[in-house]
Amino acid sequence: MRHNKDVIVPNVWRPLPDWLGGEQPYDLNSWQESETALQLARELHEDAVIVEGYQEYATWRPHLAYLRDPYGDPLEEMDLDGVGGVSILSKARVFRSGTLFPAFSYERHAETEVILSHYQANFRDSGNGPDEWDLKSLDCLTM
């Protein structure tokens, strides 16, 4: 992995016919945390799961897909707090640390969106913090 990061994801887009705009963001589960989302998480029951894109869970998180610069440097890195599962590259130490993609609520998230917070929690007291990044202008097209 050229970037030598523990977890890294590309910006995932879906091609569309020209009459529909040519393309659209596909993976909205890669984001940076927002104060609004943190407050929402504090107010929800511990078993609740925040799902992006629903009115009742307005998080106002900056989503990777909308931070994309189609003419930007595909090697430029950006810090993330949540990652989508379309294309995740990870070092083995992430999963050896006990990190997983839970089917249950963890800090009000589930599945791939948990990986970074779970991994960070595993390293919180070790002083050997994780690296989690995105390549905001490296596009990955999905069908």
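**Ground rules.** I number residues from 1 along each chain as its sequence is written, and I leave out hydrogens and water, using heavy atoms for side-chain values. As the model is predicted, local features need pLDDT of at least 70 and side-chain atom pairs count only at pLDDT 80 or more, while totals for chains, interfaces and linings use all residues.

**Core.** Buried is under 20% relative accessible area, exposed is over 50%, and partly exposed lies in between (1.4 Å probe, protein chains only). The core has ten residues: Val7, Val9, Leu64, Met78, Leu80, Val83, Val94, Ile115, Leu116 and Tyr119. I take helices (H or I, at least four residues) and strands (E, at least two) as DSSP runs, numbered from the N terminus. Another core, of five residues, lies apart, and includes Leu40 and Ile50.

**Gly84.** I found Gly84 in the loop between strand 3 (77-79) and strand 4 (89-90). Gly84 has 2% relative accessibility, so I count it as buried. Leaving out residues up to four places away in sequence, Gly84 touches Val9, Asp27, Asn29, Ser30 and Thr112; contact means heavy atoms within 4.5 Å.

**Helix 1.** In residues 35-43, I noted Ala37, Leu40 and Ala41 as buried. Seen down the axis, the buried residues of helix 1 fall within an arc of 100°, so they line one face; the arc is taken over directions from the helix axis to the C-beta atoms. On the face turned away, I noted the exposed residues Glu35, Arg42 and Glu43.

**Pockets.** A pocket is an open set of points on a 1 Å grid over the protein atoms alone, where a 1.4 Å probe fits, with protein on both sides within 12 Å along at least five of seven lines; lining residues have an atom within 4 Å of a point. Points are joined across faces, edges and corners, and volume is the space filled by probe spheres set on them. The largest pocket holds about 260 Å³. Among its 16 lining residues, Glu33, Leu38, Glu107, His109 and Ser117 are closest to the centre. Helix 1 gives the most to this lining, four residues. For the second largest pocket I have about 150 Å³.

Technical notes. A nonpolar core is a set of buried Ala, Val, Leu, Ile, Met, Phe, Trp, Tyr and Cys residues joined through side-chain atoms within 4.5 Å.
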